Amino acid sequence: MKHKSKTMQINNYYGFGRIILTLLLAMCLRIAPLPNPLADINPDWVLLALIYWSLAIPERVGIFHAWTFGLLTDVLTGRMIGQYALAYSLVIYICLKLHKRLRQFPIIQQGLFIFFCLLLSQLLLFLIKNVQHPAQLHASFWFPVFSGTLCWPLVYTVLRFVRLTRRTK
């Protein structure tokens with residue numbers, strides 16, 4: 001009985017390490033220097049990874065993780081502290097409320113939900129930026145939303161593989 005308990009603790013430790021590692025990799029992709037046309041369409045990898053983990057393992061990844069990685073993203077991108085933290089926390093709250101329904105949907109319908117999550121995040125960031133100093137909504141505003149939606153099947157597949165390789169629960 002004690003042996004199983006110790007094995008579960010080790011698996012939980014490695015599983016949580018994988019989650020953190022994938023989120024750190026997503027942060028690296030978020031700030032990776034890309035050529036100008038590609039930089040405009042770079043999706044919010046951190047939010048996509050947080051959405052996946054909150055849908056797959058809602059009892060282990062939640063609003064605290066969204067807030068923490070949002071603050072780290074604020075620091076990495078040089079934005080006002082709290083912008084990404086607020087946007088990520090709100091999106092992950094919605095994901096946690098709907099996770100039981102969303103896991104039943106095919107990946108295409110999940111993509112529609114992802115579109116609205118990314119759009120909500122972008123709108124919040126735009127509104128916060130607009131409060132600081134008035135800004136106009138450009139066409140480039142939509143690019144990360146569309147590219148993130150198109151990347152969702154890839155993110156889902158890769159992170160599912162990472163989660164199931166050693167049965168992270």
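**Exercise 1.** Determine the volume of the second largest pocket and the elements that contribute to its lining.

*Solution.* The second largest pocket holds about 180 Å³ of space. A pocket here is an open set of points on a 1 Å grid over the protein atoms alone, where a 1.4 Å probe fits, with protein on both sides within 12 Å along at least five of seven lines; lining residues have an atom within 4 Å of a point. Grid points are joined across faces, edges and corners, and the volume is the space filled by probe spheres set on the points.

Next, consider the lining, which includes Thr22, Trp45, Ala49 and Val158. Two or more residues each come from α1 (2-31), α3 (45-56) and α7, and α7 gives the most, with five residues. These helices are DSSP runs (H or I, at least four residues), numbered from the N terminus.

Finally, classify the lining: 10 residues are nonpolar, one is polar and none is charged. Ala, Val, Leu, Ile, Met, Phe, Trp, Tyr, Cys and Pro count as nonpolar, Asp, Glu, Lys and Arg as charged, and the others, Gly among them, as polar.

The model is predicted: local features need pLDDT of at least 70 and side-chain atom pairs pLDDT 80 or more, whereas totals for chains, interfaces and linings use all residues. Residues are numbered from 1 along each chain as its sequence is written, and side-chain values use heavy atoms, with hydrogens and water left out.

**Exercise 2.** Describe the extent and burial of α3.

*Solution.* α3 has 12 residues and spans 16 Å from its first C-alpha to its last, close to the expected 16 Å; the expected span is 1.5 Å times one less than the number of residues. Of its 12 residues, 12 are buried, so α3 is largely enclosed by the rest of the structure. Buried means under 20% relative accessible area, exposed over 50%, and partly exposed in between (1.4 Å probe, protein chains only). Among the buried residues are Trp45 and Ala49, which also line the second largest pocket.

**Exercise 3.** Characterise the surroundings of Phe143.

*Solution.* Phe143 lies in helix α7 and is partly exposed, at a relative accessible area of 37%. Leaving aside residues up to four places away in sequence, Phe143 touches Asp40 and Ile41, where contact means heavy atoms within 4.5 Å. The C-alpha atom of Phe143 is 7.8 Å from that of Pro43, although the two residues are 100 residues apart along the chain.
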